[in-house]
Amino acid sequence: KETPPPPMTQAPKSYIAPPGSYGKIKISIEPTDTKYAKDLATYPPDKSGLWTAPMETDGWFLEHCNIRSECTKMADVLDKLGTKTLEEWEIESLRSWFANHNLHIHEHHMHEDNIFTPFMQTRINLPEKLTTDHVQLVALLKAVMTIVEGQLASASVLRPAFEEYQKMLFTHLKEEEEIGLPLLRAYFAPEEVAPKTQEIINQTAPHILGGFFYHLDAEGGSKGAINQFMAQEGIPFFVYYIAFSPMRQKYFDTTQVHIDALLAGKPPPAPKKGCLCL
């Protein structure tokens, strides 16, 4: 009998890992160190006190928790599938999930590279590693996608590449939170960052943005969790009904449904009639 591989250990082992399960952010730099300032006289690092919400509820951190939760669940799936020969529906579900995850990560990197990083660099000398890791991460994810889109007979052939990708991704996310987020808050006021955040939201595919809300708590994006985030950001209540709740549902219908099916060992239900599962 073939011995199954040991379980992955990079992420908390929970079905949905809410942001709180990742603990508090440990700032690894001194954001007021003048070496980070591009123009100390004009833009001093004195804005941290203007941020009333903790870093652990910041949208940047919550988006990272969204990514971590996605990877955690896929790690659980790959552990469950083990070395068995995959059924056709399992292969298709894996491909559907990874197609959406691939889009999610590429959009996330694009938003950071094209919007947030240039914005931060107008005032901050960012550590080089924060701006160069994406190249290697893209290469690791491409290696994963090559396996997913190829002859995927068993999850065991995918697991090593996914584990390597996940390990570097989690390390990178942690560095951004411990270095990039404190610097952002030191050099920019909340009202200066808000337009850039809105720009990112406007450029994000609805079902990808739905994952952000889905992973706000262990209940799969409860109304209470979403409303709490909306109140923090000053978003009107009606946006929940016309945008955020439908987005969360679209994420479930296009992405989460495959996690549920693969863990349950049963094919996912056919898309609902009229469902635009993009």
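Predicted model: local features only at pLDDT ≥ 70, side-chain atom pairs only at ≥ 80, totals over all residues.
Biologist: How do helix α1 and helix α4 cross, and at what angle?
Modeller: The axes of helix α1, which covers residues 59-81, and helix α4, which covers residues 159-187, come within 10 Å and cross at roughly 165 degrees.

Biologist: Parallel or antiparallel, then?
Modeller: An angle over 145 degrees counts as roughly antiparallel, and α1 and α4 are therefore roughly antiparallel to each other.

Biologist: And is that crossing left-handed or right-handed?
Modeller: The crossing of α1 and α4 is left-handed, and the contact of α1 with α4 has 14 nonpolar residues, along with four polar and six charged ones.

Biologist: Changing topic, how many cavities of 30 Å³ or more are there?
Modeller: Searching the whole structure turns up two cavities of that size, and the largest cavity has a volume of about 90 Å³.

Biologist: Which residues line the largest cavity?
Modeller: Its lining is made up of Trp60, Glu112, Phe116, Thr117, Met120, Leu126, Leu130, Thr131, His134, Glu176 and Gly180.

Biologist: What is the split by class in that lining?
Modeller: Five residues of the lining of the largest cavity are nonpolar, four are polar and two are charged.

Terms used:
Residues numbered from 1 in each chain as written. Heavy atoms only, no water. Axes fitted to C-alpha atoms, helices over the stretch in contact; angles between N-to-C directions. Helix = DSSP H or I, 4+ residues; strand = E, 2+ residues; numbered from the N terminus. Parallel < 35°, antiparallel > 145°, perpendicular 65-115°, else oblique. Left-handed = near helix turned anticlockwise from the far one by under 90°. Nonpolar A, V, L, I, M, F, W, Y, C, P; charged D, E, K, R; others polar. 1 Å grid on protein atoms, 1.4 Å probe; cavity = no way out; pocket = protein on both sides within 12 Å on 5 of 7 lines; lining within 4 Å. Points joined across faces, edges and corners; volume = space filled by probe spheres on them.
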